[in-house]
Amino acid sequence: MKLGIQISESSISKYMIRHPKPPPQTWRTFLKNQSNQLVSIDFFTVPTGLFQVLFIFIVIQHDRRRLVHFNVTAHPTAEWTARQILEAFPFETAPKYLLR
């Protein structure tokens with residue numbers, strides 16, 4: 001500007017130092033970084049030999065791939081499911097992340 005030379009903004013931006021963006025965190029990286037604070041729950045059915053259906057609730061901890069809690073019922077309710085989650089994580093031991 002002091003020399004009186006006109007330079008366009010595109011010329012300046014072409015020669016400026018560009019900082020590369022860090023790569024976004026992938027799902028695999030997230031699971032590896034947060035595995036000690038991550039549990040999964042699953043709720044599935046199993047037919048019996050007497051043509052009944054049993055509902056199974058399972059909680060698995062990811063860091064050691066350990067079964068934390070499971071229970072079986074023939075007639076699940078919302079209260080029963082909430083009670084299973086409370087029994088799986090007593091006394092402030094709830095994980096930070098829960099996958100369903």
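This briefing describes the core, the aromatic pairs, the surface and selected backbone features of one structure. The model is predicted. Its largest nonpolar core consists of 7 residues, and a search of the whole structure finds 6 aromatic pairs. The structure also holds 1 salt bridge.

**Nonpolar core**

- The members of the largest nonpolar core are Val39, Ile41, Phe57, Val59, Trp80, Ala88 and Phe89.
- Three elements each supply at least two residues of this core: the strands β1 (38–47) and β2 (53–61), and the helix α3 (78–88).
- Beyond its neighbours within four places in sequence, valine 59 has contacts that include the core residues Val39, Ile41, Ala88 and Phe89.
- Valine 59 is also in contact with Ser40, Arg66, Leu67, Val68 and His69.

**Aromatic pairs and cluster**

- Tryptophan 27 and phenylalanine 30 form a stacked aromatic pair, with 5.5 Å from centre to centre and 25° between the planes.
- Tryptophan 27 is exposed, because its relative accessible area of 55% is over the 50% limit.
- Phenylalanine 30 has a relative accessibility of 17% and therefore counts as buried, the limit being under 20%.
- Phenylalanine 30 also pairs with tyrosine 97: the ring centres are 5.2 Å apart and the planes stand at 75°, so this pair is edge-to-face.
- Tyrosine 97 is partly exposed, because its relative accessible area of 27% falls between the 20% and 50% limits.
- One aromatic cluster is formed by Phe43, Phe55, Phe57 and Trp80; among them, Phe57 and Trp80 also belong to the largest nonpolar core.

**Nonpolar surface patch**

- Leu3, Ile5, Ile7, Ile12 and Met16 form a nonpolar patch on the surface, and their accessible area together is about 570 Å².
- Isoleucine 5, one of the patch residues, is located in the segment before α1 (9–15).
- With 55% relative accessibility, isoleucine 5 counts as exposed.

**Salt bridge**

- Side chains of opposite charge can pair when their charged atoms come close.
- Glutamate 87 and arginine 83 form a salt bridge in which the closest N and O atoms are 3.6 Å apart.
- Both partners lie in helix α3, with glutamate 87 and arginine 83 being 4 residues apart, about one turn of the helix.
- Glutamate 87 counts as partly exposed at 40% relative accessibility, and arginine 83 is likewise partly exposed, with a relative accessible area of 47%.

**Positive phi values**

- Arginine 65 has a phi near 50°, a positive value in a residue other than glycine.
- Arginine 65 is placed in the loop between β2 and β3 (66–73), and this residue is exposed, with a relative accessible area of 77%.
- Glutamate 92 has a phi near 60°, again a positive value in a residue other than glycine.
- The loop between α3 and β4 contains glutamate 92, which counts as exposed at 82% relative accessibility.

Methods: Residues are numbered from 1 along each chain as its sequence is written. This is a predicted model: local features need pLDDT of at least 70, side-chain atom pairs count only at pLDDT 80 or more; totals for chains, interfaces and linings use all residues. Side-chain values use heavy atoms; hydrogens and water are left out. A nonpolar core is a set of buried Ala, Val, Leu, Ile, Met, Phe, Trp, Tyr and Cys residues joined through side-chain atoms within 4.5 Å. Buried means under 20% relative accessible area, exposed over 50%, partly exposed in between (1.4 Å probe, protein chains only). Contact means heavy atoms within 4.5 Å. Rings of Phe, Tyr and Trp (its six-membered ring) pair if their centres lie within 6.5 Å; planes under 30 degrees apart count as stacked, over 60 as edge-to-face and the rest as tilted. Patches are made of residues with over 30% relative accessible area and no salt bridge: like charges are joined within 9 Å, nonpolar side chains (Val, Leu, Ile, Met, Phe, Trp, Tyr) within 5 Å. Accessible areas come from the Shrake-Rupley method with a 1.4 Å probe; for residues, only the protein chains shown count as cover. A salt bridge is a side-chain nitrogen of Lys or Arg within 4 Å of a carboxyl oxygen of Asp or Glu.
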